[in-house]
Amino acid sequence: MKILKKLLIIIPIVCGIIFFVVMKANKKPPVRLDNRERVHTVRVISLEKMQVVPRVTTYGYVEADRTWQAISEVSGKIVNVNDNLKKGYFIKKDEVLFKIDTTSYGLAETRGVADVMNVDARLRELEQSRKNTERLLAIEKKSLASAGQELKRKRELFTNEYISASDLEKEERTFLTHQTTMNNLQNALDLIPSQKKALLAQKKSGESTVTERRLDVARTEIRAPFDCRLSVVNVELYQFAAAGTILLEAESVDSAEIPVSLAPKSFFTLLPREYRGSVGQMPDMKTIRQAFGITAKVRLPMDVEFPIEWDGIFSRISESMDPKTGALTIYITVDKPYENVIPGKRPPLITNMYVEVELKGKPLPDRFVVPRSAVHDKNVYICTPENRLEIRPVSVEFNMADMAVLSQGLKEGETLVLADLMPAVQGMLLKPVQAGDVLELLKQQALGEADVQ
């Protein structure tokens with residue numbers, strides 16, 4: 001037992017010594033590694049100046065360019081309605097929509113005409129009275145002259161005591177009677193002009209009343225002011241229409257509007273550089289549209305084989321900014337939104353339709369367009385002819401979707417690094433790989449020939 005215990009202790013010690021001797025005999029010196037520079041493989045494109053069309057995509061809801069409310073100006077029972085007087089139907093300009101009973105207004109017009117005729121008769125009577133009075137006055141003047149001569153003769157006879165005092169008094173009374181009659185006729189003649197004025201004023205008032213009644217009769221017939229589509233119909237046959245009631249609402253079909261909101265920065269991107277200052281003291285909207293040169297394309301945001309789109313026109317800018325969002329509201333007009341309708345493929349542009357609006361400004365020549373991801377905090381990575389990294393500051397004119405338009409800091413023919421190097425060390429060695437597909441896509445997107453992602 002004692003020998004076995006000693007062996008269990010000695011054998012591991014001997015094995016350890018043998019293993020250590022073998023390891024020491026077979027050890028190799030450390031391998032020395034060559035100090036080589038690490039090469040980074042990156043995708044690059046050659047910088048080219050190109051023409052870029054600034055554009056912004058936004059969304060909005062379609063509104064009618066013009067709306068019309070048929071408000072009853074007179075009261076009465078509706079006695080006739082158009083067969084197409086239903087919501088959604090199309091109505092031509094000047095087409096009769098409905099009629100209100102004209103009986104009461106027609107009777108009022110007849111009474112007014114009769115009153116005017118009565119005044120005309122009185123005017124003719126007054127004119128005849130003037131002529132008669134003038135004739136009587138002329139006769140009375142002659143009679144007064146004769147009576148005056150007779151009175152003078154009898155006064156001479158009374159002085160010579162050929163007649164009595166009573167005969168003289170009788171002749172004086174006769175003279176005074178003729179004089180009173182002449183004065184009365186003259187007074188009546190003097191009153192005729194004022195009486196005529198009063199009758200003419202009464203006639204004018206009567207004619208105004210007749211005109212008003214005729215207007216009331218005309219107002220009983222409601223016609224469409226333009227080609228439209230009915231949106232609200234509150235009219236029923238034999239229904240009583242009270243004055244001031246909204247009976248119909250219609251929307252124009254010749255054009256539609258889409259108000260869209262844009263951030264001021266996005267809107268300024270669309271403006272030509274030469275017009276960013278002023279367009280005049282008090283320019284009209286036509287001058288502003290020509291100066292800005294903004295065009296629009298309206299589309300339905302639907303996943304279909306062929307895009308459904310309409311050409312739009314930059315119409316106007318809202319007079320103020322949204323106080324909550326600080327955005328500008330721009331109105332885009334689409335002419336003839338109901339043309340070229342294909343059932344099942346191309347719908348009309350109707351009210352409250354949600355659409356995508358792409359706004360384009362005037363083309364800008366000689367710009368460097370690069371992927372937005374290639375700009376790192378106002379710096380870009382340039383691969384030098386020696387395949388070394390150069391970190392260069394640039395000036396970004398504006399960003400558009402996933403593109404950045406640069407105005408300063410680059411030269412044509414230089415090589416732009418697309419990769420986002422981590423870390424990016426000035427002068428590090430690169431292995432450039434041309435990304436021709438990226439450059440071609442940038443050219444197409446810059447001109448608006450390809451969708452901006």
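This is a predicted model: local features need pLDDT of at least 70, side-chain atom pairs count only at pLDDT 80 or more; totals for chains, interfaces and linings use all residues.

Because Asp437 belongs to helix H6 (residues 436–446) and Arg43 to strand E1 (residues 40–46), the pair ties together parts that are 394 residues apart in sequence. Arg43, for its part, counts as partly exposed, with a relative accessibility of 42%.

## Arg367 and Glu397

A salt bridge also joins Arg367 and Glu397, whose closest N and O atoms are 2.8 Å apart. Since Arg367 lies in strand E18 (residues 364–371) and Glu397 in strand E21 (residues 395–400), this pair ties together parts that are 30 residues apart in sequence. Arg367 is buried at a relative accessible area of 16%, the limit for that class being under 20%, whereas Glu397 is partly exposed at 25%.

Elsewhere, salt bridges with shared partners link Arg55, Arg299, Glu309, Glu356 and Glu358 into one network.

## Glu221 and Arg223

Glu221 and Arg223 form a salt bridge in which the closest N and O atoms are 2.9 Å apart. Glu221 counts as partly exposed, at 28% relative accessibility, and Arg223 is likewise classed as partly exposed, at 39%.

## Overall count

With a salt bridge taken as a side-chain nitrogen of Lys or Arg within 4 Å of a carboxyl oxygen of Asp or Glu, the count comes to 23 salt bridges.

Terms used
Residues are numbered from 1 along each chain as its sequence is written. Side-chain values use heavy atoms; hydrogens and water are left out. Helices (H or I, at least four residues) and strands (E, at least two) are DSSP runs, numbered from the N terminus. Buried means under 20% relative accessible area, exposed over 50%, partly exposed in between (1.4 Å probe, protein chains only).
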